[in-house]
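Work through the exercises below with the structure open. Each task is followed by its solution in steps.

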Amino acid sequence: MDNPDFLIVGGGTAGSVLAARLSEDGVTRVLLAEAGDDTPPDATPADIADTFPSSSLNRGYFWPELKAERVIGEARRPYPQARVMGGGSSVMGMWALRGLPSDFDGWAAAGAQGWAWNDVVKFYRQVEDDPVRPRVTNSSGAMPINRVPKQEWPDFVQAIERVAKQRGFSLVDDINEEGGDGFFAMPLSQGNGRRASSPHCYLTSAVRRRANLAIMANTIVTALKVDGGRVVGVTMEQGGHIRTVTAKQVILSAGAIHSPAMLLRSGIGPAQDLRKLGITVAVDRPGVGANLQNHPYLHFALTIPPGLRLAAALHQFGLAGLRHSSGYADCQAGDLLAFAIGRVSPRPFGAALGMVGAALYSPHSRGRVTLDNPDIRIPPRIDFRLLSDPCDAPRFIQAARFSESLLRDAALARTYEDAFILPPILSLHQFNQPGLKGALFGLAAKVAMNAPAAIKRRLLEQVISPGRWIGNRRRQRPVTDAEIIAAAAPMGHPTSTCAIGRADAPMAVVDSDCRVYGVGNLRVVDASVMPSVPSANTNLPTTMIGEKLAHAIRANGVAG
């Protein structure tokens, strides 16, 4: 498609929504460029369709060589970011949490006009099709929301619910509508036994047949073409061929890591940093790549005896959550989350291990995305700086201690054999390997998980080192604060590197309609525009952002 009205860079969560919504009128010409593979309805890979996030184990769906610094001064570790149609919605756990009203009211207070809770909740309801919700607040949206029935939960999750109730927490039917602290069945983006990824929900067969929509997969946008203070198109590479495509408007939807990297390579960012790299400055905007946020979390793994496990046929991951509050001054309520994971692998042994996690869901710490080299082939530099704000480490320790206390409760301790604290490695990667090695590991793990408890304990400690055994109902080895901090890992929820804000705010990058300050014909629409990370997994909020911006763009026209 030559000279489209909108050229969308990135077919992830927001990009898929935008491509579908902006092409609805049959006239507006939309070109969607995705760096990874396409996942059309008639050829969606089984691991992406799976309700268990099996796709997170497929290296072919991720950007290679991408690494991140977890905390200041620590060695960089691999950090997975999706490179496949649907982005994170095709590879992550798909917990469908909106966040808290206070998150969005905080956005508005920070300068994101039109992004307060009352402004965004109608778009959430437009997205969701949630059967537990009265029809007045449920519009049968594009995304099905479901929960694993409680009768299917393993015993340890049912025990967490009982303990939560004993401790005075309310049992919440719909955490997205009711809010507040409480225990809840985890809302999940899935329906009819399959993942509800953004391309599955929005880039349907009917949408793909539109003559005014073109989709180019395996296409890497290498540069924005800036001329006379406005973006006039992009340079892209597909199958070894490089071409320039003009467009009336370009929308970056490449995510909170790659959208700021694209701006920086195009001369939009902190002028001093750009000049050091030999990049010609087009717009001096110091907020590009700044303000990086993410949720720190950790996992405790549990060995589950036969008869108390998730049924082998159920490929479910997240089952339940418990939102609670730290009570720290100047920290919002509902800033902590405990959660329960039903299985750790799609292989049969996965149901013999469960997990209880802890997360800080309203962090204050900020990091950066920068460039070491302007070459598109050199991955950007990611510095999360987790727990660097003085109020974050104490709250994270509190969240971990709360989840640990659940495990120590007698009602819960009788439902598992042994508990372990895991190291700061993506938990599914801890227990799963690709290819033949993974198959052999799965067979060995199946045998080991049905061995006597003492043997399981010794074998598991070898697998999870430097994680370790922390106890069972008969004896414990206390976890130190230092071990809790050492176990903190970044979730797959990077945000805020191209934040919405007022034009005179130094760290703002886009206005309330996501137009990039200082350059025409360019928007950023993805998780990077969030002024701060919401108290939620970011797929549903990013879907909401796509819907809200599509609505605004249609209202204002191509030139708006």
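The model is predicted.

**Exercise 1.** State the volume of the second largest pocket and describe its lining.

Solution. The second largest pocket holds about 320 Å³ of space. Its lining comprises 22 residues, of which Gly106, Ala110, Arg366, Pro531 and Ser532 are closest to the centre. Sorted by class, the lining has 10 nonpolar, nine polar and three charged residues.

**Exercise 2.** Determine which parts of the chain the salt bridge between glutamate 24 and arginine 554 ties together.

Solution. First, check the distance: the closest N and O atoms of glutamate 24 and arginine 554 are 3.7 Å apart, and the cut-off for a salt bridge is 4 Å. Next, place the residues: glutamate 24 is in the loop between α1 and β2, and arginine 554 is in helix α17, so the bridge joins parts 530 residues apart in sequence.

**Exercise 3.** Locate the salt bridge between glutamate 404 and arginine 408 and classify the exposure of each partner.

Solution. The N to O distance in this salt bridge is 3.3 Å. Glutamate 404 and arginine 408 are four residues apart in helix α11, so about one helical turn separates them. Glutamate 404 is buried because its relative accessibility is 8%, whereas arginine 408, at 29%, is partly exposed.

**Exercise 4.** Find what the side chain of arginine 195 reaches.

Solution. Arginine 195 sits in strand β10. Arginine 195 is buried and has no salt bridge; aspartate 50, the nearest side chain of opposite charge, is 7.7 Å away. The arginine 195 side chain does reach the backbone oxygen of methionine 92, at 2.9 Å.

Definitions and conventions: Residues numbered from 1 in each chain as written. Predicted model: local features only at pLDDT ≥ 70, side-chain atom pairs only at ≥ 80, totals over all residues. Heavy atoms only, no water. Helix = DSSP H or I, 4+ residues; strand = E, 2+ residues; numbered from the N terminus. Buried < 20%, exposed > 50% of the residue type's maximum accessible area, 1.4 Å probe, protein only. Lys, Arg positive; Asp, Glu negative; His and termini not counted. Polar contact = N/O pair within 3.5 Å; in protein donor to acceptor, adjacent residues only side chain to side chain. 1 Å grid on protein atoms, 1.4 Å probe; cavity = no way out; pocket = protein on both sides within 12 Å on 5 of 7 lines; lining within 4 Å. Points joined across faces, edges and corners; volume = space filled by probe spheres on them. Nonpolar A, V, L, I, M, F, W, Y, C, P; charged D, E, K, R; others polar.
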